[in-house]
Amino acid sequence: MPDKSLKQSDQPLPPTDSVQSGINGAVAGLLGFNLLLLAVITLLILFTAIPTLATDPPTTAVPANLSHIETAPPGITRLANSVTPSPQPSGTPLPTSTVTVVATRISTRTPTPTASATSMTTATTEPILPEPSVIGRSVLGYPLEIYQFGSGPTQRLIVAGIHGGYEANTTQLAWALIKHLSQYPELIPGEVTLYILPVLNPDGLTFSKDADGRANANGVDLNRNWDADWQADWPLDGCWQLSPVTAGNYPGSEPETQALMAFIQSHELDALISYHSAALGIFPGGKPVDPAALHLAGQVAKVSNYPYPPLDTGCTYTGQLIDWAARQGIAALDIELSTHDTIDWQISLDILDAFLTWQSP
Ligand SMILES: [Zn+2]
């Protein structure tokens, strides 16, 4: 019997029995071949799809370029610091690579894994830092960088990290100030230029966070190396002596000292602060004490709770930056943060304001 359904599909062919029979055989063969072909194609598709499914990431995976976002309170996104102020030698713990909390309200909703990295980046307000000037290099070759804010005729300087890793929080404070002033440049009065040197002793900063990080790579305490009452050996009574340090072979022997000396002598600075830690207070420079430094110390003492007059440990200080600066006619202070860990942020901002608005007597 002719298959009506097949016959209908083969209508153009002559309706004879022999032809019909031949057609039926051919159709049956074709049908079998088609089924075989279908089975082969299906198997091919399956074998092709299985490896693809196995290597595809789950659709809920966080894109790799967002994986650096850490958990943070709503509205605050923690991003890796994308601003690198300057190239640093590799493998060093200089604080430019630390993770910074960017308190920017991107959205009150938690970002979903589908949010693009571009929109996240443009929503933050990480400040763009000014290009620093490299004034010299440390014994190990690290750049000594100074950042400038404002361009007024009254020039002032903040130095941090003269005691390297042992007082690393002073460098952390300097970076915080650099970022803050980059974000709020209006804080600099029109008549002022402020320079910030975040780390005078990068060698010590890379060595250690404890006593061994105080000196530079030559073992020299950079705050005993200046040409002001310099002594190769000084009485240690009441002085810092947690690790062996020297004053250098002669006053100004170290490249870090020489670089900062040259910078100071080529600028008309009227005041500077050298940050230290910890807890001893505010020290005006000069022997005898410079009257302008004494006045500036009084202004700083008014806005801080740091000991002033400073604590007297009985140490006779030799070869200090602030005493050399006093000889150059600069009102210079050592200010000690309250601990070795904190940056005393609010106090530091108040001191910054007092420093920037100070009027020389
Ligand atoms: Zn110090």
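Colleague: Which strands does H6 lie across, and at what angle to E3?

Modeller: This is a predicted model. In it, H6 lies across E3, E4, E6 and E7, and runs at about 140° to E3.

Colleague: Which residues of H6 are buried?

Modeller: H6 spans residues 255-265, and its buried residues are Glu256, Thr257, Ala259, Leu260, Met261 and Ile264.

Colleague: And what covers them?

Modeller: The cover includes strands E3 (133-137), E4 (143-149), E6 (192-197) and E7 (269-277), along with helix H8 (321-327).

Colleague: Back up a bit. How many helices and strands does the chain have?

Modeller: 9 helices and 9 strands. The chain has 361 residues, of which 34% count as buried. Among contacts with a separation of 6 or more, 76% are between residues 24 or more positions apart.

Colleague: What is the strand order in the sheet?

Modeller: It is an open sheet of 7 strands, ordered E3-E4-E6-E5-E7-E9-E8, with mixed pairing. E3 and E8 (282-284) are the edge strands; each has a single partner strand, so one side of each has no neighbour in the sheet. From one strand to the next, the twist averages 20°.

Colleague: Parallel or antiparallel for E3 and E4?

Modeller: Antiparallel, with 4 bridges joining E3 to E4. Val134 stands opposite Glu145 in E4.

Colleague: What about E7? Which way does E7 pair with E5 and how many bridges are there?

Modeller: E5 and E7 pair in the parallel sense, over 5 bridges. Leu157 has Leu272 in E7 as its bridge partner. E7 also pairs with E9 in the parallel sense, over 7 bridges, and there the bridge partner of Ile273 is Leu333 in E9.

Colleague: How many residues of E7 are buried?

Modeller: 8 of its 9, so E7 is mostly covered.

Colleague: Which strands does H4 lie across?

Modeller: H4 lies across E4, E5, E6, E7 and E9. Its direction is at about 130° to E7.

Colleague: New topic, H9. What length does H9 reach, and what would be expected?

Modeller: H9 covers residues 345-357, which is 13 residues. From first C-alpha to last, H9 reaches 18 Å, close to the 18 Å expected at 1.5 Å a residue.

Colleague: Which of its residues are buried?

Modeller: In H9, the buried ones are Ser348, Ile351, Leu352 and Phe355. Down the axis of H9, the buried residues fall within an arc of 105°, so they line one face of the helix.

Colleague: What do they pack against?

Modeller: The buried residues of H9 pack against strand E5 (154-159), helix H4 (168-183), E7, H7 and strand E9 (331-337).

Colleague: Which exposed residues sit on the face of H9 turned away from the buried side?

Modeller: Gln346 and Thr357.

Colleague: You mentioned H7. Where is Ala297?

Modeller: Ala297 is in helix H7, which runs over residues 291-302.

Colleague: Why does Ala297 count as buried?

Modeller: Because Ala297 has 26 C-beta neighbours inside 10 Å, and the cut-off for buried is 20 or more.

Colleague: Which residues is Ala297 in contact with, leaving aside neighbours within four places in sequence?

Modeller: Ile282, Pro284, Tyr308 and Leu333. Leu333 is the E9 residue already mentioned as the bridge partner of Ile273.

Colleague: And how many residues apart are Ala297 and Ala332?

Modeller: They are 35 residues apart in sequence. In space, the C-alpha to C-alpha distance between Ala297 and Ala332 is 8.7 Å.

Definitions and conventions. Residues numbered from 1 in each chain as written. Predicted model: local features only at pLDDT ≥ 70, side-chain atom pairs only at ≥ 80, totals over all residues. Helix = DSSP H or I, 4+ residues; strand = E, 2+ residues; numbered from the N terminus. Buried ≥ 20, exposed ≤ 12 C-beta atoms within 10 Å, placed from the backbone. Contact = placed C-beta atoms within 7 Å. Expected span 1.5 Å × (residues − 1). Arc of directions from axis to C-beta. Pairing = 2+ DSSP bridges. Axes fitted to C-alpha atoms, helices over the stretch in contact; angles between N-to-C directions.
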